[in-house]
Amino acid sequence: MSNDTAAVKDNFQSWFMDKLLMGMSWPEYLRSLMTPFNIVAAIILSIGLPLIAVRAVQGLASVTHASNEYPWGILLGWGLFSGVPLSATGFVMATAYYIFGFKRYHSLVRLGVLTGFLGYLFAVIYLLTDLGRPWRIYYPMAVGFGTASVLFLVAWHVSTYLTVQLLEFSPAILEWLKSRRTRKWAMMITIGMTIAGIILSTLHQSALGAMFLLAPGKMHPLWYSQYLPVFFLSSSIYAALAMVICVSYLGARFLHDATDSNFRSTLAPLTIGLGKGAAIGIYVYFALKMIGVAHDDNWGLLATGYGNWFLVEMLVFVLLPGLILSLGVKMQSAGIVRIGAFSAVLGVIVNRINVSTVAFNWNLQDHLHHIIPPWKEVAIVMAIATLHILIFRWILNRMPVLREHPDYKESH
Amino acid sequence: MDNKPNDAARKDEPGEEHAGRDGSANKKNGMNRRMFLGAVATIGGAAVVGTGTLARGSEDFSGYPNSYGLLTDFTACVGCRSCEQACNEANNLPKPATPFDDASVFDRTRRPDAHAYTVVNRYENPKDKNAPIYRKVQCNHCKEPACASACPIHAYNKTPEGAVQYNADLCFGCRYCMIACPFYVPAYDYESALEPKIVKCTMCYESRLKQGKITACAEACPAGAITFGKRDELIKIARRRIEKSPDKYIDHIYGEHEAGGTNWMYLSGVPFEQLGFPKNVPNKPPIELTKGFLSSVPLVFTIWPALFGMCYAAVRHQDEVHEESCTAKHKEGEK
């Protein structure tokens, strides 16, 4: 009997070391954590996490501006409105690979799905931090149905899509746990889940833009357009391609042991391929934005202060990344493509902050003063973002994402 | 769905102040229009839901007939803040730090917040420096409220009597209503950790309107600046006042058309922008702006699976053809 218990304990210990400590013993594992990156992360968390607790105990007023004119701050401007387009990676990569048949991109599909899943998960975490009563998060699904609200659609779609992405990513989890049979089931629903992902993504990516349609009087006319849903959707597609370029680069650069030789050797040509797609996406988006200005005949506004900032967004944060990407493709340089991709991602963030924060309430007094976030809110955002990176890295180190699991190589 | 029986019985002079209050506002409307549409639509499931509402909602809705409203005449307001005090007491709000007879509050522009449903602000009168203009601010009770269109949980409700009601029991605090409101009305109780809620004027719906009483502010006003009555009649009253004294008023009833029309309307002697009223409020009800988008939802749900399913089938077909030709060649080679 005691032998049995000992065996179970041994089993557990080896499972624990294998799965969670990546084959190291506790002392080895803890030593491996003492890196400069982790120390910085720990400092950020030690400031931000207590502030989240303060927010929970003392209310939103303790960490945000608590303004009645500016109900949304950087928690949503960054976490939700920027986080969701950058998480379109799952639907874009899965569609390209499973539906359109871009088979060469196999080694990046899982990374795309994981980036998307975690991105949505954390968008919800930012949202929970910002909601007045976060424990009622399920209310739109069960208690009251605001069917005429765009946010009702967003709530349903983000929650459904989060589930869809978990299912899409589940083969990786199940391979990690060596659960062969469940994995087979999970693989069978891939196509259905991918198409569900396209439906949900096209709708809620655009819905995030449509949310601002309700406030025409408060938005600067250069950013308010009836095309807002189309702008948000089309920019999310190139954002996703650029994001996969960035994340795969960071993975290859900093998590060498989590990658396999196939991933490393195919990364440069695939990066260039994605860069080409992203550049096309940027040009389409740029054209749409120009159509938006033309449609409302807002050319005259470009000469104003806000107009200049609009031009900076369009030329420096949209067109320029596109040109860098095209240059990289032309010169077959993955390095240049990556510079373009990072700047494209930055550009999407700039756009979402502009729509949700800079252009919103632009005609109120001292507007630009009001949109500077309080340091506590920034610290909370930094802590959640850090947590995001740490969990991302934790998964990449353990599950077969940047590499193929040796047992399942031929099974797709 | 309306107050017809009451109305027919009433023979108010349209010019009379407090016109149209008969005290027995119909409160038996168990299910209002929006709630009904929502329920119908919800049966279809989450995604298609938006559309159900839209299909039905695209009928022209020009507000509840016979709904009540208020008319504030800024040329009459003397800035005594009796309305603020009456509102505070009628709604059991916390006592303010500065008493209601302290005029120092006018030194800065205030807004309704978590502790006050209504505030009065002072503006300089361009016509006469010694006679400042006072403006009372509170919820305008839109005919098609943007806050209600924004709320994902249906915590807002436009009653047939005209009040826009908010139900804190449903609210999860996303504050999208505050984003959507063109008049910057809803305030949030940010200080509370456990029970934060939206705070705004209720038109004294539960506490007075249902008991047949007019709003506390209108009752308290000693200057006759606030008129309670049927919205339709208030518009007539306002028109007559403008006609009678065209020099005193600008020719504009604010709220008659703004944001699709509001149940609380205003008369002024100076342009409304000079009294801090928001510019650029379209006359279309805000919900019209999102209808087009929401009506695309069912199209995506039906067309996308077919379209992308076809792409998938086409790619697979190509793969199969390719494989077949490969095996055929292979076999030929073997021979």
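Reader: What conventions hold for numbering and confidence?
Author: Residues are numbered from 1 along each chain as its sequence is written, while chains are lettered from A and ligands numbered from 1 in the order in which they are written. The model is predicted, local features need pLDDT of at least 70, side-chain atom pairs count only at pLDDT 80 or more, and totals for chains, interfaces and linings use all residues.

Reader: Why is chain A called as compact as a globular protein of its length?
Author: The radius of gyration is taken over C-alpha atoms, and the globule rule is 2.2 Å times the number of residues to the power 0.38. For 412 residues the rule gives 22 Å, and the radius of gyration of chain A is 22 Å, so chain A is as compact as a globular protein of that length. The C-alpha trace of chain A spans about 80 × 55 × 45 Å along its principal axes.

Reader: What makes up the secondary structure of chain A?
Author: Helices (H or I, at least four residues) and strands (E, at least two) are DSSP runs, numbered from the N terminus. By that count chain A has 17 helices and 0 strands.

Reader: Why is A:Val358 called buried?
Author: A residue is buried if 20 or more other C-beta atoms lie within 10 Å of its own, exposed if 12 or fewer, and partly exposed in between, with C-beta atoms placed from the backbone. A:Val358 has 21 other C-beta atoms within 10 Å, so it counts as buried. The residue lies in helix H15 (residues 334–358) of chain A. Of the 412 residues of chain A, 48% count as buried.

Reader: What does A:Val358 touch beyond its neighbours within four places in sequence?
Author: Two residues are in contact if their C-beta atoms, placed from the backbone, lie within 7 Å. With those neighbours left aside, A:Val358 is in contact with A:Ile353 and A:Ile371.

Reader: How many residues of each chain are in contact with the other?
Author: In chain A, 48 residues are in contact with 59 residues of chain B. The largest share of the chain A side, 7 residues, comes from H11(A). That side has 33 nonpolar, 12 polar and 3 charged residues. Here Ala, Val, Leu, Ile, Met, Phe, Trp, Tyr, Cys and Pro count as nonpolar, Asp, Glu, Lys and Arg as charged, and the others, Gly among them, as polar.

Reader: Why is strand S3 of chain B called largely enclosed?
Author: In S3 (residues 133–137) of chain B, 5 of the 5 residues are buried, so the strand is largely enclosed by the rest of the structure. B:Ile133, B:Arg135 and B:Val137 point one way and B:Tyr134 and B:Lys136 the other way.

Reader: How do you know that S2 and S3 of chain B pair?
Author: Two strands pair if DSSP finds at least two bridges between them. Strand S2 (residues 119–123) of chain B and S3(B) have 5 bridges and run in the antiparallel sense. B:Asn121 stands opposite B:Arg135 in S3(B).

Reader: What makes S8 and S9 of chain B edge strands?
Author: The open sheet of 3 strands has the order S8-S1-S9 (chain B), with mixed pairing. Strand S8 (226–230) and strand S9 (264–267) of chain B each pair on one side only. Strand S1 (residues 68–73) of chain B is joined to S8(B) by 5 bridges, running antiparallel, with B:Gly69 opposite B:Gly229 in S8(B).
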